[in-house]
Amino acid sequence: MSQKILMQADYLLKWGEDLEIIPQGELVIEGGIISYSGPACERNEEFARVIKGNNKLIMPGFVNTHTHAAMSLFRGYADDMPLKEWLEQRIWPVEAKLTKEDIYWGTLLAICEMIRGGTTCFADMYFYMEEAAKACLESGIRASLSQGLVGLDPVKGIASLEEGKKLVRNWHGEGEGRITTMLGPHAPYTCPPDYLQKVAKTAGALQVPIHIHLAETRGEVEESVKMYGKRPVELMEQIGLLDQKVLAAHCVHLTQEEIQIMARKKTAVAHNPGSNLKLGSGIAPLAELLQNGVLVSLGTDSAASNNNLDMVEEMRLATLLPKGLREDPTLIPAVEALKLVTVNGARALFLEEGIGTLNEGSKADLIMIKLNSSHLHPLHSVPAQLVYAALSSDIELVMVNGTILMEKGDLKTVDEERILFETGKISSRLVS
Ligand code: NI
């Protein structure tokens, strides 16, 4: 259990109804929970630690709602290829060689990068997820983990669903609640409708959400129409999957009707602009989704398709793309972009209310950003500076659940040198 900490900064950003920017703000953190959040005031009590953030800003940490952490092992291994070829010819063959231990180290590699970039929580879908859970437990990061399920072969499909259930039973709520779980059917094109119905029923019984890839490419939509006479989102509604709590990654190719289905069913979206651009999948209709009341958050997807896990970069892409596409600079203003990477992220993972807000009573998952750099000067607008000018390297301190995971470049809970050494060895073996 963490000690009582006082944190002060030139600006404190938190979410009430809207974004609140408090000049000369401070937080008191006790046992991982924020007990005071507001303007700095006179205090007589003792603190185990006082962190004075002159020329700094405190805001909620980023929530990366879609990644495959251990795929950081494949960063730069296969690029400039279409999704189908990329998966079938390059990624699936090397994935077949992955061991449990590789997943553990690969996940830690991603966690190092995410902590440095201010990500305090992420949603991961992959396999051997108990190893990923161990990596999250040790590193102190918050995560929502799902075993990736493929249902093309009925026998293997049931076995993987059993693995998914085991992850939920063994890990949901571990690490003082930092670790939560979902069921992760990979996609409608790898999980047939009857299998997805089984997954939905299981998710309902276990009371966990579902994390799925949906409507990522034009080819996926065409195949779905050919096989089932329905587009992917329509099909998911028809088979009842969207009656569960669902986090849908990508959602690039949607009709107006599908957007309305998602709004009605309260399906959460993980928008992955960087990965969608790099794989040439297209650009998701972010402005239209938000205008129709769909909950949208941001994800990086894996470092094999992005090729980094940088939420600052992702946030900038998310806001710039709609402006350019629709020739309308008023779309996705800076404050809305900040919402996508913080409070919307926590909601999209169906986490308890309060995560991502920095309000009193909520979890102390936050970042501190250094403001006195030439690229952040002068400071006319805090949100504009963060969204259009800041770099993830401006992040100086990262805290999850009241524990400092990174301070002034030092990772406090993981041995980065060892992780780089181990993952270097593993990646050479995998591609040999
Ligand atoms: Ni993905």
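The text below covers the domains, their interface and the cavities.

The model is predicted, so local features need pLDDT of at least 70 and side-chain atom pairs count only at pLDDT 80 or more, while totals for chains, interfaces and linings use all residues. Residues are numbered from 1 along each chain as its sequence is written, and side-chain values use heavy atoms, with hydrogens and water left out.

**Domains and interface**

The protein chain is divided into domain 1 (5-61 + 362-411) and domain 2 (62-348), with bounds that come from an automatic or database domain assignment. The contact (heavy atoms within 4.5 Å) takes 28 residues from domain 1 and 32 residues from domain 2. Taken over C-alpha atoms, the centres of the two domains are 28 Å apart.

Domain 1 and domain 2 bury about 2300 Å² between them, and carbon and sulfur atoms account for 66% of it. Buried area is the accessible area (1.4 Å probe) that two parts lose on being put together, summed over both. On the domain 1 side, Trp15, Val387 and Tyr388 lose the most area to domain 2, together 27% of what that side buries.

One salt bridge is found across this interface, where the rule asks for a side-chain nitrogen of Lys or Arg within 4 Å of a carboxyl oxygen of Asp or Glu. Aspartate 365 forms a salt bridge with arginine 142, with the closest N and O atoms 2.6 Å apart.

**Cavities**

The structure holds two cavities of 30 Å³ or more. A cavity is a set of points on a 1 Å grid over the protein atoms alone where a 1.4 Å probe fits but cannot get out, and lining residues have an atom within 4 Å of a point. A volume is the space filled by probe spheres set on the points.

| Cavity | Volume | Lining residues include |
|---|---|---|
| Largest | about 50 Å³ | Met59, Phe62, Val312, Asp394 |

The lining of the largest cavity draws at least three residues from each of domain 1 and domain 2. By class, this lining has nine nonpolar, no polar and one charged residues. The lining of the second largest cavity divides into four nonpolar, two polar and three charged residues. Here Ala, Val, Leu, Ile, Met, Phe, Trp, Tyr, Cys and Pro count as nonpolar, Asp, Glu, Lys and Arg as charged, and the others, Gly among them, as polar.

Notes
1 Å grid on protein atoms, 1.4 Å probe; cavity = no way out; pocket = protein on both sides within 12 Å on 5 of 7 lines; lining within 4 Å.
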